[in-house]
Amino acid sequence: MNAVGIDVSKGKSMVAALRPMGEVALLPKEYPHSEVGLEQMAYAIIALGEDTRVVMEATGRYHEPVAAALHEYGIYVAVLNPLLIQRSGGGSIRKVKTDKADAMKIAKYGLDNWVDLREYTPMDTVRQQLKLCSRQYNLYMKTVVSLQNNLISLTDKTFPGVNELFSSPERADGHQKWVDFVLSFWHCECVCHISEKAFMERYRKWCKRKGYNFSEEKALSLYTDSCGNITTLPKNDNTKLLITTAAQQLISAKTTLVAMRTEMLRLAKLLPEYDTVLAMYGVGEITAAQLMAEIGDVRRYPRRSSLVAFAGVDPAVNQSGKHEAQSNHTTKRGSPHLRKTLYQIVCTHLKKSPTDEPVYQFIDKKRSEGKPYFVYMTAGANKFLRIYYARVKECLAALDSVPSSLN
(Lines give C-alpha, C1' and ligand atoms only; values in the text may rest on other atoms or scores of the structure.)
Protein backbone atom coordinates (compact mmCIF):
# COMPACT_ATOMS: atom_id res chain seq x y z
CA MET A 1 0.00 0.00 0.00
CA ASN A 2 1.61 3.21 -1.23
CA ALA A 3 0.12 6.68 -0.68
CA VAL A 4 1.61 9.31 -2.97
CA GLY A 5 1.18 12.94 -1.94
CA ILE A 6 1.55 15.63 -4.59
CA ASP A 7 1.83 19.28 -3.59
CA VAL A 8 0.78 21.08 -6.75
CA SER A 9 1.87 24.62 -7.56
CA LYS A 10 2.09 26.68 -10.72
CA GLY A 11 4.38 25.01 -13.22
CA LYS A 12 5.74 22.31 -10.90
CA SER A 13 4.78 19.70 -8.31
CA MET A 14 6.49 18.12 -5.32
CA VAL A 15 5.94 14.34 -5.06
CA ALA A 16 6.46 12.10 -2.02
CA ALA A 17 5.20 8.62 -1.07
CA LEU A 18 4.61 6.82 2.23
CA ARG A 19 3.87 3.25 3.24
CA PRO A 20 2.23 2.04 6.48
CA MET A 21 4.17 2.50 9.71
CA GLY A 22 5.67 5.74 8.37
CA GLU A 23 8.00 4.08 5.86
CA VAL A 24 9.11 6.53 3.17
CA ALA A 25 8.61 4.89 -0.23
CA LEU A 26 9.63 7.93 -2.27
CA LEU A 27 11.59 10.90 -1.01
CA PRO A 28 10.18 14.32 -1.96
CA LYS A 29 11.12 15.16 -5.54
CA GLU A 30 10.12 18.04 -7.79
CA TYR A 31 8.71 17.54 -11.30
CA PRO A 32 7.92 20.30 -13.83
CA HIS A 33 4.52 20.48 -15.51
CA SER A 34 5.85 19.59 -18.95
CA GLU A 35 5.24 16.55 -21.12
CA VAL A 36 8.55 15.01 -20.08
CA GLY A 37 8.16 15.99 -16.42
CA LEU A 38 4.67 14.47 -16.08
CA GLU A 39 5.85 11.32 -17.86
CA GLN A 40 8.74 10.92 -15.42
CA MET A 41 6.35 11.50 -12.51
CA ALA A 42 3.96 8.83 -13.81
CA TYR A 43 6.74 6.24 -14.27
CA ALA A 44 8.08 6.95 -10.76
CA ILE A 45 4.61 6.36 -9.29
CA ILE A 46 3.99 3.21 -11.35
CA ALA A 47 7.34 1.80 -10.17
CA LEU A 48 6.03 1.80 -6.58
CA GLY A 49 3.70 -1.12 -7.35
CA GLU A 50 0.05 -1.84 -8.09
CA ASP A 51 -1.51 -0.93 -4.75
CA THR A 52 -0.75 2.77 -5.13
CA ARG A 53 -3.02 5.80 -4.80
CA VAL A 54 -2.17 9.40 -5.56
CA VAL A 55 -3.61 12.20 -3.43
CA MET A 56 -3.52 15.90 -4.34
CA GLU A 57 -5.34 19.07 -3.42
CA ALA A 58 -7.73 20.89 -5.73
CA THR A 59 -5.69 24.02 -6.42
CA GLY A 60 -7.71 25.99 -8.93
CA ARG A 61 -6.58 25.05 -12.43
CA TYR A 62 -3.04 23.98 -11.56
CA HIS A 63 -3.94 20.43 -10.50
CA GLU A 64 -6.00 19.60 -13.60
CA PRO A 65 -3.17 18.76 -16.06
CA VAL A 66 -1.40 16.65 -13.41
CA ALA A 67 -4.54 14.71 -12.44
CA ALA A 68 -5.58 14.17 -16.07
CA ALA A 69 -2.10 13.01 -17.11
CA LEU A 70 -1.78 10.50 -14.26
CA HIS A 71 -5.33 9.25 -14.87
CA GLU A 72 -4.39 8.48 -18.50
CA TYR A 73 -1.55 6.27 -17.23
CA GLY A 74 -4.09 4.23 -15.26
CA ILE A 75 -3.01 5.57 -11.87
CA TYR A 76 -5.60 5.90 -9.09
CA VAL A 77 -5.90 9.64 -8.40
CA ALA A 78 -7.93 11.35 -5.65
CA VAL A 79 -8.42 15.13 -5.74
CA LEU A 80 -9.40 16.52 -2.34
CA ASN A 81 -10.60 19.78 -0.88
CA PRO A 82 -7.53 21.55 0.62
CA LEU A 83 -9.52 22.10 3.82
CA LEU A 84 -9.41 18.36 4.52
CA ILE A 85 -5.61 18.31 4.37
CA GLN A 86 -5.31 21.50 6.40
CA ARG A 87 -7.50 20.20 9.22
CA SER A 88 -5.76 16.84 9.34
CA GLY A 89 -2.78 18.45 11.03
CA GLY A 90 -0.26 16.06 9.52
CA GLY A 91 0.40 14.40 12.87
CA SER A 92 2.48 17.31 14.21
CA ILE A 93 1.87 20.39 16.30
CA ARG A 94 4.78 22.22 14.65
CA LYS A 95 3.94 24.70 11.93
CA VAL A 96 6.13 23.85 8.95
CA LYS A 97 5.25 25.23 5.49
CA THR A 98 7.42 23.91 2.68
CA ASP A 99 6.58 22.01 -0.49
CA LYS A 100 8.39 18.92 0.80
CA ALA A 101 6.55 18.97 4.12
CA ASP A 102 3.21 19.54 2.38
CA ALA A 103 3.79 16.58 0.03
CA MET A 104 4.54 14.32 3.00
CA LYS A 105 1.48 15.67 4.84
CA ILE A 106 -0.78 14.90 1.87
CA ALA A 107 0.70 11.40 1.57
CA LYS A 108 0.05 10.77 5.28
CA TYR A 109 -3.55 11.89 4.86
CA GLY A 110 -3.88 9.39 2.00
CA LEU A 111 -2.69 6.57 4.26
CA ASP A 112 -4.95 7.56 7.15
CA ASN A 113 -8.04 7.84 4.93
CA TRP A 114 -7.25 5.12 2.41
CA VAL A 115 -10.71 3.55 2.29
CA ASP A 116 -12.48 6.92 1.95
CA LEU A 117 -10.54 8.14 -1.09
CA ARG A 118 -12.67 8.61 -4.20
CA GLU A 119 -11.14 8.22 -7.62
CA TYR A 120 -10.83 11.28 -9.83
CA THR A 121 -12.73 11.14 -13.11
CA PRO A 122 -11.95 13.78 -15.74
CA MET A 123 -14.91 15.93 -16.71
CA ASP A 124 -15.99 15.35 -20.31
CA THR A 125 -15.12 18.07 -22.80
CA VAL A 126 -18.60 19.58 -23.14
CA ARG A 127 -19.15 19.88 -19.39
CA GLN A 128 -15.70 21.34 -18.85
CA GLN A 129 -16.20 23.94 -21.56
CA LEU A 130 -19.67 24.78 -20.24
CA LYS A 131 -18.26 25.32 -16.74
CA LEU A 132 -15.54 27.62 -18.06
CA CYS A 133 -18.08 29.60 -20.10
CA SER A 134 -20.38 29.86 -17.08
CA ARG A 135 -17.59 31.23 -14.89
CA GLN A 136 -16.59 33.73 -17.59
CA TYR A 137 -20.23 34.74 -18.03
CA ASN A 138 -20.50 35.54 -14.32
CA LEU A 139 -17.30 37.58 -14.52
CA TYR A 140 -18.47 39.57 -17.54
CA MET A 141 -21.88 40.13 -15.93
CA LYS A 142 -20.19 41.76 -12.94
CA THR A 143 -18.13 43.89 -15.35
CA VAL A 144 -21.25 44.98 -17.25
CA VAL A 145 -23.03 46.02 -14.04
CA SER A 146 -19.96 47.99 -12.92
CA LEU A 147 -19.55 49.73 -16.30
CA GLN A 148 -23.26 50.54 -16.49
CA ASN A 149 -23.27 52.09 -13.02
CA ASN A 150 -20.19 54.08 -13.98
CA LEU A 151 -21.82 55.42 -17.16
CA ILE A 152 -24.98 56.40 -15.30
CA SER A 153 -22.86 58.21 -12.71
CA LEU A 154 -21.03 60.15 -15.45
CA THR A 155 -24.15 61.03 -17.45
CA ASP A 156 -25.80 62.39 -14.31
CA LYS A 157 -23.17 65.13 -14.55
CA THR A 158 -23.81 65.89 -18.24
CA PHE A 159 -27.31 64.65 -19.10
CA PRO A 160 -29.19 63.89 -15.84
CA GLY A 161 -31.70 61.04 -16.12
CA VAL A 162 -30.89 60.15 -19.72
CA ASN A 163 -30.90 56.43 -18.86
CA GLU A 164 -34.56 56.76 -17.80
CA LEU A 165 -35.75 58.44 -21.01
CA PHE A 166 -35.86 55.20 -23.01
CA SER A 167 -37.98 52.12 -22.32
CA SER A 168 -36.76 50.02 -25.25
CA PRO A 169 -35.54 46.55 -24.15
CA GLU A 170 -32.01 45.42 -24.80
CA ARG A 171 -31.51 44.12 -28.34
CA ALA A 172 -30.32 40.61 -29.15
CA ASP A 173 -26.87 41.97 -30.02
CA GLY A 174 -26.48 43.54 -26.56
CA HIS A 175 -27.09 47.17 -27.58
CA GLN A 176 -29.31 49.43 -25.49
CA LYS A 177 -30.91 52.50 -26.99
CA TRP A 178 -29.97 54.86 -24.20
CA VAL A 179 -26.31 53.81 -24.34
CA ASP A 180 -26.16 54.31 -28.11
CA PHE A 181 -27.93 57.65 -27.66
CA VAL A 182 -25.37 58.81 -25.08
CA LEU A 183 -22.56 57.85 -27.44
CA SER A 184 -23.83 60.45 -29.95
CA PHE A 185 -25.58 62.95 -27.66
CA TRP A 186 -23.16 62.85 -24.73
CA HIS A 187 -24.18 66.21 -23.24
CA CYS A 188 -27.64 67.75 -22.90
CA GLU A 189 -26.30 70.85 -24.69
CA CYS A 190 -25.83 68.63 -27.79
CA VAL A 191 -29.64 68.63 -27.89
CA CYS A 192 -30.96 71.81 -26.32
CA HIS A 193 -28.44 74.19 -27.97
CA ILE A 194 -29.79 73.42 -31.44
CA SER A 195 -33.26 74.11 -32.77
CA GLU A 196 -36.07 71.62 -32.24
CA LYS A 197 -36.38 71.01 -35.97
CA ALA A 198 -32.63 70.42 -36.36
CA PHE A 199 -32.61 67.92 -33.49
CA MET A 200 -35.60 66.02 -34.87
CA GLU A 201 -33.86 65.64 -38.23
CA ARG A 202 -30.61 64.60 -36.59
CA TYR A 203 -32.44 62.14 -34.32
CA ARG A 204 -34.31 60.65 -37.30
CA LYS A 205 -31.05 60.02 -39.14
CA TRP A 206 -29.51 58.57 -35.98
CA CYS A 207 -32.42 56.11 -35.54
CA LYS A 208 -32.10 55.00 -39.16
CA ARG A 209 -28.34 54.54 -38.85
CA LYS A 210 -28.57 52.58 -35.58
CA GLY A 211 -31.61 50.51 -36.57
CA TYR A 212 -34.12 51.99 -34.11
CA ASN A 213 -37.71 53.04 -34.76
CA PHE A 214 -38.18 56.80 -35.15
CA SER A 215 -41.01 58.54 -33.34
CA GLU A 216 -41.64 62.25 -33.74
CA GLU A 217 -43.38 62.30 -30.37
CA LYS A 218 -40.34 60.70 -28.71
CA ALA A 219 -38.03 63.21 -30.39
CA LEU A 220 -40.06 66.11 -29.01
CA SER A 221 -40.03 64.49 -25.55
CA LEU A 222 -36.24 64.10 -25.65
CA TYR A 223 -35.79 67.71 -26.69
CA THR A 224 -38.03 68.92 -23.87
CA ASP A 225 -36.31 66.75 -21.25
CA SER A 226 -32.87 68.00 -22.29
CA CYS A 227 -33.75 71.62 -21.59
CA GLY A 228 -33.38 73.15 -18.14
CA ASN A 229 -31.00 70.49 -16.77
CA ILE A 230 -28.30 71.45 -14.29
CA THR A 231 -24.96 69.94 -15.34
CA THR A 232 -21.73 69.79 -13.35
CA LEU A 233 -19.40 69.00 -16.24
CA PRO A 234 -18.92 71.47 -19.10
CA LYS A 235 -19.32 70.56 -22.74
CA ASN A 236 -15.71 70.16 -23.82
CA ASP A 237 -13.34 67.58 -25.28
CA ASN A 238 -12.41 66.16 -21.89
CA THR A 239 -16.02 65.48 -20.94
CA LYS A 240 -16.72 63.96 -24.36
CA LEU A 241 -13.77 61.60 -23.95
CA LEU A 242 -15.01 60.44 -20.54
CA ILE A 243 -18.60 59.81 -21.64
CA THR A 244 -17.93 58.24 -25.04
CA THR A 245 -15.16 55.98 -23.70
CA ALA A 246 -17.43 54.73 -20.89
CA ALA A 247 -20.26 54.11 -23.37
CA GLN A 248 -17.99 52.25 -25.79
CA GLN A 249 -16.64 50.06 -23.00
CA LEU A 250 -20.18 49.19 -21.88
CA ILE A 251 -21.27 48.33 -25.43
CA SER A 252 -18.19 46.16 -25.91
CA ALA A 253 -18.79 44.32 -22.62
CA LYS A 254 -22.45 43.74 -23.44
CA THR A 255 -21.56 42.38 -26.87
CA THR A 256 -19.08 39.98 -25.27
CA LEU A 257 -21.74 38.93 -22.75
CA VAL A 258 -24.17 38.09 -25.56
CA ALA A 259 -21.52 35.99 -27.34
CA MET A 260 -20.74 34.14 -24.09
CA ARG A 261 -24.43 33.55 -23.42
CA THR A 262 -24.94 32.14 -26.92
CA GLU A 263 -22.03 29.74 -26.52
CA MET A 264 -23.28 28.65 -23.08
CA LEU A 265 -26.68 27.76 -24.49
CA ARG A 266 -25.12 25.90 -27.43
CA LEU A 267 -23.04 23.75 -25.09
CA ALA A 268 -25.88 23.21 -22.61
CA LYS A 269 -28.16 21.87 -25.34
CA LEU A 270 -25.59 19.18 -26.13
CA LEU A 271 -26.02 17.62 -22.67
CA PRO A 272 -28.65 14.88 -22.31
CA GLU A 273 -30.33 16.35 -19.21
CA TYR A 274 -30.87 19.84 -20.67
CA ASP A 275 -34.60 19.44 -21.44
CA THR A 276 -35.23 17.87 -18.02
CA VAL A 277 -33.50 20.72 -16.19
CA LEU A 278 -35.15 23.40 -18.32
CA ALA A 279 -38.59 21.92 -17.58
CA MET A 280 -38.13 22.48 -13.84
CA TYR A 281 -40.05 25.44 -12.44
CA GLY A 282 -38.03 28.61 -11.94
CA VAL A 283 -35.24 27.50 -14.29
CA GLY A 284 -34.56 29.50 -17.45
CA GLU A 285 -32.06 28.95 -20.24
CA ILE A 286 -29.19 30.68 -18.45
CA THR A 287 -29.87 29.21 -15.01
CA ALA A 288 -30.23 25.74 -16.56
CA ALA A 289 -26.82 26.09 -18.18
CA GLN A 290 -25.30 27.38 -14.93
CA LEU A 291 -26.81 24.55 -12.90
CA MET A 292 -25.46 21.87 -15.23
CA ALA A 293 -22.08 23.62 -15.41
CA GLU A 294 -21.58 23.79 -11.64
CA ILE A 295 -23.16 20.46 -10.69
CA GLY A 296 -21.71 18.44 -13.54
CA ASP A 297 -22.75 14.82 -13.94
CA VAL A 298 -25.06 13.94 -11.04
CA ARG A 299 -23.92 10.32 -11.22
CA ARG A 300 -20.70 11.32 -9.50
CA TYR A 301 -22.70 12.05 -6.32
CA PRO A 302 -23.55 8.79 -4.49
CA ARG A 303 -26.51 10.33 -2.63
CA ARG A 304 -28.78 13.37 -2.73
CA SER A 305 -27.17 14.62 0.44
CA SER A 306 -23.79 14.58 -1.32
CA LEU A 307 -25.06 17.08 -3.89
CA VAL A 308 -26.59 19.24 -1.14
CA ALA A 309 -23.28 19.20 0.73
CA PHE A 310 -21.41 20.12 -2.46
CA ALA A 311 -23.65 23.19 -2.83
CA GLY A 312 -23.06 24.10 0.82
CA VAL A 313 -26.76 24.53 1.62
CA ASP A 314 -26.85 21.80 4.27
CA PRO A 315 -27.20 22.90 7.91
CA ALA A 316 -24.10 22.50 10.06
CA VAL A 317 -24.16 20.43 13.25
CA ASN A 318 -23.04 21.90 16.58
CA GLN A 319 -23.23 19.43 19.49
CA SER A 320 -20.92 18.79 22.42
CA GLY A 321 -21.83 16.99 25.65
CA LYS A 322 -25.20 18.29 26.80
CA HIS A 323 -25.06 21.24 24.43
CA GLU A 324 -26.88 20.88 21.15
CA ALA A 325 -27.49 24.00 19.07
CA GLN A 326 -30.97 24.26 17.59
CA SER A 327 -30.14 26.80 14.89
CA ASN A 328 -26.94 26.64 12.86
CA HIS A 329 -25.54 28.37 9.82
CA THR A 330 -25.22 26.46 6.56
CA THR A 331 -21.82 24.94 5.85
CA LYS A 332 -21.10 27.03 2.71
CA ARG A 333 -18.23 24.68 1.87
CA GLY A 334 -19.25 24.09 -1.73
CA SER A 335 -19.53 26.16 -4.89
CA PRO A 336 -20.55 29.81 -4.31
CA HIS A 337 -21.53 30.02 -8.00
CA LEU A 338 -24.02 27.19 -7.52
CA ARG A 339 -25.45 28.80 -4.39
CA LYS A 340 -25.98 32.05 -6.30
CA THR A 341 -27.88 30.23 -9.06
CA LEU A 342 -29.98 28.36 -6.49
CA TYR A 343 -30.83 31.64 -4.75
CA GLN A 344 -32.09 33.09 -8.04
CA ILE A 345 -34.26 30.04 -8.65
CA VAL A 346 -35.73 30.11 -5.14
CA CYS A 347 -36.41 33.85 -5.51
CA THR A 348 -38.43 33.05 -8.63
CA HIS A 349 -40.52 30.57 -6.64
CA LEU A 350 -41.06 33.17 -3.95
CA LYS A 351 -42.13 35.88 -6.41
CA LYS A 352 -44.41 33.73 -8.57
CA SER A 353 -45.85 31.71 -5.66
CA PRO A 354 -46.83 28.57 -7.63
CA THR A 355 -49.01 26.76 -5.09
CA ASP A 356 -48.77 23.44 -6.96
CA GLU A 357 -44.95 23.33 -6.89
CA PRO A 358 -43.33 21.26 -4.09
CA VAL A 359 -40.43 23.70 -3.67
CA TYR A 360 -42.73 26.66 -3.05
CA GLN A 361 -44.96 24.54 -0.78
CA PHE A 362 -41.90 23.69 1.31
CA ILE A 363 -40.78 27.35 1.43
CA ASP A 364 -44.27 28.49 2.40
CA LYS A 365 -44.46 25.83 5.12
CA LYS A 366 -41.17 26.97 6.67
CA ARG A 367 -42.23 30.61 6.39
CA SER A 368 -45.56 29.89 8.10
CA GLU A 369 -43.62 28.26 10.94
CA GLY A 370 -41.95 31.61 11.58
CA LYS A 371 -38.55 30.72 10.20
CA PRO A 372 -36.27 33.67 9.27
CA TYR A 373 -35.85 34.66 5.62
CA PHE A 374 -32.48 33.03 5.00
CA VAL A 375 -33.57 29.86 6.76
CA TYR A 376 -36.57 29.17 4.52
CA MET A 377 -34.70 30.35 1.42
CA THR A 378 -31.86 27.92 2.15
CA ALA A 379 -34.37 25.17 2.91
CA GLY A 380 -35.97 25.85 -0.48
CA ALA A 381 -32.61 25.55 -2.23
CA ASN A 382 -32.00 22.27 -0.40
CA LYS A 383 -35.41 20.95 -1.52
CA PHE A 384 -34.84 22.03 -5.12
CA LEU A 385 -31.47 20.25 -5.27
CA ARG A 386 -32.97 17.00 -4.03
CA ILE A 387 -35.66 17.16 -6.73
CA TYR A 388 -33.01 18.05 -9.32
CA TYR A 389 -30.92 15.04 -8.29
CA ALA A 390 -33.85 12.63 -8.58
CA ARG A 391 -35.15 13.91 -11.93
CA VAL A 392 -31.80 14.23 -13.67
CA LYS A 393 -30.53 10.89 -12.43
CA GLU A 394 -33.75 9.25 -13.61
CA CYS A 395 -33.35 10.93 -17.01
CA LEU A 396 -29.74 9.76 -17.41
CA ALA A 397 -30.64 6.24 -16.27
CA ALA A 398 -33.41 6.08 -18.88
CA LEU A 399 -30.99 7.19 -21.60
CA ASP A 400 -28.39 4.65 -20.48
CA SER A 401 -30.96 1.86 -20.71
CA VAL A 402 -31.68 2.65 -24.37
CA PRO A 403 -29.64 0.42 -26.72
CA SER A 404 -26.84 2.31 -28.44
CA SER A 405 -28.26 1.42 -31.87
CA LEU A 406 -31.39 3.45 -31.04
CA ASN A 407 -29.55 6.54 -29.75
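How many of the eight residues of S2 are buried? In this predicted model, six of them are, so S2 is largely enclosed by the rest of the structure.

S2 belongs to an open sheet of five strands, in which the order is S3-S2-S1-S4-S5 and the pairing is mixed. The edge positions are taken by S3 and strand S5 (76-80); each has a single partner strand, so one side of each is left without a neighbour in the sheet. On average, neighbouring strands of this sheet are turned by 20° against each other, direction ignored.

Helix H1 (residues 35-46) packs on the sheet and touches S1, S2, S3 and strand S4 (52-57). The direction of H1 makes about 170° with that of S3. Helix H4 (residues 99-112) lies across S1, S2, S3, S4 and S5, and runs at about 45° to S2.

Strand S1 (residues 2-9) pairs with S2 in the antiparallel sense, over seven bridges. Along this pairing, Val4 stands opposite Ala17 of S2, and Val8 stands opposite Ser13 of S2. S1 and S2 form a hairpin with two residues between the strands, where Gly11 takes a positive phi near 85°.

On the S3 side, S2 and S3 also run antiparallel, joined by seven bridges. Here Val15 has Lys29 of S3 opposite. The hairpin of S2 and S3 has three residues between its strands, and Met21 in its turn has a positive phi of about 70°.

## Loop residues

Met21 lies in the loop between strand S2 (12-19) and strand S3 (23-32). Its phi, near 70°, is a positive value in a residue other than glycine. Is Met21 buried or exposed? Its relative accessibility is 86%, and Met21 therefore counts as exposed.

Ser353 is another residue other than glycine with a positive phi, in this case near 50°. Its place is in the loop between helix H14 (336-352) and helix H15 (358-368). Ser353 counts as partly exposed because its relative accessibility is 30%, a value that falls between the limits of 20% for buried and 50% for exposed.

Asp297 is found in the loop between helix H12 (285-295) and helix H13 (304-311). The side chain of Asp297 is joined to that of Arg299 by a polar contact of 2.9 Å. Leaving aside neighbours within four places in sequence, Asp297 is in contact with Arg127 and Leu396.

| Residue | Phi | Location |
|---|---|---|
| Gly11 | near 85° | hairpin of S1 and S2 |
| Met21 | about 70° | turn of the S2 and S3 hairpin |

## Pocket and cavity

Rolling a probe the size of a water molecule over the atoms shows where empty space is left. The largest pocket holds about 1,900 Å³ of space. Its lining is made up of 45 residues, and those nearest its centre are Ala58, Val79, Asn81, Arg300 and Phe310.

Which elements each supply at least two residues of the lining of the largest pocket? They are helix H2 (63-72), S5, helix H3 (82-88), helix H5 (125-155), H13 and H14. H5 provides the largest share, with five residues. The edge strand S5 is thus named again in the lining of this pocket.

The structure holds one cavity of 30 Å³ or more. About 50 Å³ of space lies in the largest cavity. The residues that line the largest cavity are Met280, Tyr281, His349, Glu357, Pro358, Val359, Phe384, Ile387 and Arg391. H15 and helix H16 (373-401) each supply at least two residues of that lining. The most comes from H16, which gives three residues.

Notes. Residues are numbered from 1 along each chain as its sequence is written. This is a predicted model: local features need pLDDT of at least 70, side-chain atom pairs count only at pLDDT 80 or more; totals for chains, interfaces and linings use all residues. Side-chain values use heavy atoms; hydrogens and water are left out. Helices (H or I, at least four residues) and strands (E, at least two) are DSSP runs, numbered from the N terminus. Buried means under 20% relative accessible area, exposed over 50%, partly exposed in between (1.4 Å probe, protein chains only). A polar contact is a pair of N or O atoms within 3.5 Å; within protein, one must be able to donate a hydrogen and the other to accept it, and residues adjacent in sequence count only if both atoms are side-chain atoms. Contact means heavy atoms within 4.5 Å. Two strands pair if DSSP finds at least two bridges between them. Axes are lines fitted to C-alpha atoms, for helices over the stretch in contact, and angles run from 0 to 180 degrees between N-to-C directions. On a 1 Å grid over the protein atoms alone, a cavity is a set of points where a 1.4 Å probe fits but cannot get out, and a pocket is an open set with protein on both sides within 12 Å along at least five of seven lines; lining residues have an atom within 4 Å of a point. Grid points are joined across faces, edges and corners, and a volume is the space filled by probe spheres set on the points.
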